[in-house]
Amino acid sequence: MSTQREPQVVRGLEGIYVATTELSRVDGENGRLYYRGYDIHDLVKYGDFEETVFLLWYGHLPTESEYDAFRKRLINYRFLPENLIKMLPLLPQGTIPITAIRTFLSALAAWDPWAEDNSRDAELENAARLTAGIASLLAKVQRVRTGQEIVEPRLDLDHASNFLYMFTGKEPSTEASAAMNAFLILYADHGFNASTFTARVTASTLSDMYSAIVAALGALKGPLHGGAMEAAMRQFIEIGHPENVDAWFEKALAQKRRIMGIGHRVYKTWDPRARILRERARVLAEKSSEPQWFEIAERLAERALNHPYFQERRLFPNVDYYGALVVYYLGIPPELYTIMFALSRVAGWAAHVIEQHADNRLMRPRALYVGPEHREYVPREKRT
Ligand code: SDX
């Protein structure tokens with residue numbers, strides 16, 4: 001009699017391949033990342049966020065005319081619907097920023113005539129509206145919640161610079177624009193991370209782009225994923241001064257406390273994005289009045305990299321470790337960091353929704369039942 005093999009449960013789907021993708025390749029052993037075959041170092045060195053988004057959505061780097069037309073499309077969507085803007089002040093005082101963004105990003109669908117159309121062309125428009133819209137939304141939500149005048153978008157600035165302009169009310173420096181572009185390029189896509197996989201599962205039911213993006217934003221919020229960038233910055237602030245790093249590190253080890261921004265499910269060496277953001281953070285720190293945060297991060301990373309506990313588990317700084325410093329030096333408060341992550345990853349999520357809809361298979365894994373079997377039903381009056 002054939003003995004049926006006990007199904008194997010792989011917790012967290014660790015190492016399991018559930019689909020193919022042409023969007024990004026994460027080489028965890030060698031610490032390399034490619035978008036549609038292009039090394040992220042080249043995309044950061046020579047291009048901007050608009051070019052990377054075009055590459056993810058269309059599969060090739062844009063020609064001059066394609067780039068200009070694409071940039072104009074995104075610029076148009078920087079302007080949010082008037083009635084949506086009127087909704088911004090209506091949430092209770094003290095609403096956490098990601099709740100506001102999750103609410104208003106979802107509401108954006110109501111103004112999108114193609115929101116329920118899953119064709120490629122319609123989803124490319126949904127994607128442009130969401131990618132440009134979330135940046136304007138974050139800037140406006142932040143201005144409203146901090147009692148500042150809303151700043152209208154500019155037509156002459158690229159996506160990264162326009163966001164900083166709308167957020168701060170001032171035109172960003174060349175270094176700040178370059179750092180913001182690098183940040184947005186590096187966070188754009190990263191294989192089947194938890195939030196992207198959430199978007200794919202949602203899209204696999206043939207649900208729409210907006211539902212998939214809002215679901216992904218919910219997954220990103222968790223501290224083991226997109227919430228780690230805020231947690232990393234808060235730990236640097238908790239340490240307070242480079243002199244405190246050693247004692248803090250020893251105490252964290254003793255308490256088995258996770259150091260946020262360290263470790264990765266796939267990278268078993270430096271996250272290549274961390275290396276690039278580290279240099280951007282260094283430049284910004286040198287020009288800022290608060291260089292201590294970069295010094296704290298460097299000293300803490302050095303302690304972890306040289307400690308057997310981290311070496312044995314191949315735990316290295318990940319994108320969030322230095323991404324946190326870059327956005328801090330750009331003047332963004334920590335409570336907005338997960339949304340900063342989403343400002344970029346929305347482009348990757350959208351690309352994955354389009355890829356899923358192009359060759360769909362409903363995602364429906366199994367769960368091994370380990371609960372009680374065959375229990376007799378006892379009428380309520382007889383239950384003790
Ligand atoms: C992102 O998936 C992606 O691609 C995500 C992302 C993307 O671009 O989308 O790259 C973005 O989310 C980056 C990761 C951000 N999260 C953090 O920085 C949170 C801190 N990191 C850890 O929680 C952890 O490293 C994870 C969640 C990132 C990955 O963890 P795994 O693969 O599930 O590994 P694990 O939790 O099973 O840990 C293995 C061991 C454990 O110790 P032992 O049980 O062997 O004794 O390593 C330890 C863990 O306790 N460990 C850490 C640690 N991370 C893992 N110990 C101290 N500090 C840490 N940061």
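**Around the ligand**

A: Helix H15 (308–312) and helix H17 each put at least two residues into the shell around the ligand. Helices here are DSSP runs of H or I with at least four residues, strands are E runs of at least two, and both are numbered from the N terminus. Before going on: this is a predicted model, so local features need pLDDT of at least 70 and side-chain atom pairs pLDDT 80 or more, while totals for chains, interfaces and linings use all residues. Residues are numbered from 1 along each chain as its sequence is written, and side-chain values use heavy atoms, with hydrogens and water left out.

The shell has 22 residues, and His190, Arg258, Ile259, His264 and Arg273 are the closest; to count, a residue needs a heavy atom within 4 Å of the ligand. On its own the ligand has 1,100 Å² of accessible area, and the protein covers 76% of that (Shrake-Rupley method, 1.4 Å probe).

Lys256 is in the loop between helix H12 (245–254) and helix H13 (272–287). Lys256 isn't a glycine, yet has a positive phi of about 55°. Its relative accessible area is 72%, so Lys256 is exposed; the cut-off for exposed is over 50%, buried is under 20%, and partly exposed is in between (1.4 Å probe, protein chains only).

Now back to helix H17, by way of the largest nonpolar core. That core has 119 residues, with Trp57, Phe163, Leu325 and Leu343 touching the most other members. A nonpolar core is a set of buried Ala, Val, Leu, Ile, Met, Phe, Trp, Tyr and Cys residues joined through side-chain atoms within 4.5 Å. Helix H17 (residues 337–358) gives the largest share, 13 residues. At least three core residues come from each of domain 1 (37–224 + 335–358) and domain 2 (228–329), with bounds from an automatic or database domain assignment.

As for Leu343, leave out neighbours within four places in sequence and its contacts are Phe49, Ile134, Ala135, Leu138, Phe163, Met180 and Leu184, where contact means heavy atoms within 4.5 Å.
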